[in-house]
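Subject: A structure for you to look at

Hi there,

I am passing on a structure that will be new to you, followed by some notes on what turned up in it. Please have a look at it before reading on.

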Amino acid sequence: MSLKRLFPCLLLPLLVACSDQRASFEIASRQHSLTLIRVQNFFWEKTARYAIVAARMPDCMRRHEMGPGGTESKVEVYAPGNDAWILKQGKRMFVVETRSCEGFAKLDGEPEGGMGPLQGTFQMRSGTLAFVAAPRDAPAAQ
């Protein structure tokens, strides 16, 4: 086989190196959930792009971009109440809501009323994105 024909075959692993993973936190059912989407373009990159999909079907569903973060970044989910959810990824924090699925904002710091109880964490487990529920007796973040 000539080198000209073999070269494209050698590049094939680089073309399929994109990783698009999703994991969901079911709030009340599959129809009421938060889904984290993690996209890493190449396996050697140290960052990935993150987005959250807020859904309360059939009333609403919306995707919100969180921006880039580390490939192994954990995203903690807190419930301050009123169908609002605080997402904490390292030092970055966001608030998203599932009443209309429209509300999404980056937070400069922890809310005055606290973050509410920890619901769980989106994290990589054996190379796969997963949502790991917090123990029932997890304390609320202050």
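One definition to begin with: a residue is called buried under 20% relative accessible area, exposed over 50%, and partly exposed in between (1.4 Å probe, protein chains only). Please keep in mind that this is a predicted model, in which local features need pLDDT of at least 70 and side-chain atom pairs count only at pLDDT 80 or more, while totals for chains, interfaces and linings use all residues. Residues are numbered from 1 along each chain as its sequence is written, and side-chain values use heavy atoms, with hydrogens and water left out.

**The overall picture**

Starting at the N terminus, the order is α-β-β-β-β-β-β-β-β-β-β-β. Of the 142 residues in the protein, 37% are buried. The accessible surface is about 8,800 Å², and carbon and sulfur atoms account for 54% of that surface; these areas come from the Shrake-Rupley method with a 1.4 Å probe, and for residues only the protein chains shown count as cover. A contact means heavy atoms within 4.5 Å. Among the contacts with a separation of 6 or more, 42% are between residues 24 or more positions apart.

**Aromatic rings**

A pair of aromatic rings is described by the distance of the centres and the angle of the planes. Rings of Phe, Tyr and Trp (its six-membered ring) pair if their centres lie within 6.5 Å; planes under 30 degrees apart count as stacked, over 60 as edge-to-face, and the rest as tilted. By this rule there are four aromatic pairs.

One of them joins Phe 25 and Phe 131, which are stacked at 4.8 Å centre to centre with 25° between the planes. This pair links distant parts of the chain, with Phe 25 in strand β1 (residues 19–29) and Phe 131 in strand β10 (residues 128–133), 106 residues apart. Both Phe 25 and Phe 131 are buried.

Phe 94 and Phe 104 are also stacked, because their ring centres are 5.4 Å apart and their planes meet at 10°. Phe 94 is in strand β7 (residues 92–97) and Phe 104 in strand β8 (residues 104–107), so this pair ties together parts ten residues apart in sequence. Phe 94 is buried at 4% relative accessibility, whereas Phe 104 is partly exposed, with a relative accessible area of 25%.

There is also an aromatic cluster, formed by Phe 25, Trp 85, Phe 122 and Phe 131.

**Val 95**

Strand β7 also holds Val 95, which is partly exposed at 24% relative accessibility. Leaving aside residues up to four places away in sequence, Val 95 touches Ala 84, Trp 85, Ile 86, Gly 103, Phe 104, Ala 105 and Leu 107.

**The disulfide**

How many disulfides does a search of the whole structure find? There is one, where a disulfide is a pair of cysteine sulfur atoms within 2.5 Å. Cys 60 and Cys 101 form it, with their sulfur atoms 2.1 Å apart. The link is right-handed, with 50° about the S-S bond. Cys 60 lies in strand β4 (residues 60–70) and Cys 101 in the loop between β7 and β8, so the pair ties together parts 41 residues apart in sequence. Cys 60 is buried at a relative accessible area of 9%, and Cys 101 is buried at 1% relative accessibility.

Best wishes

Conventions:
Helices (H or I, at least four residues) and strands (E, at least two) are DSSP runs, numbered from the N terminus.
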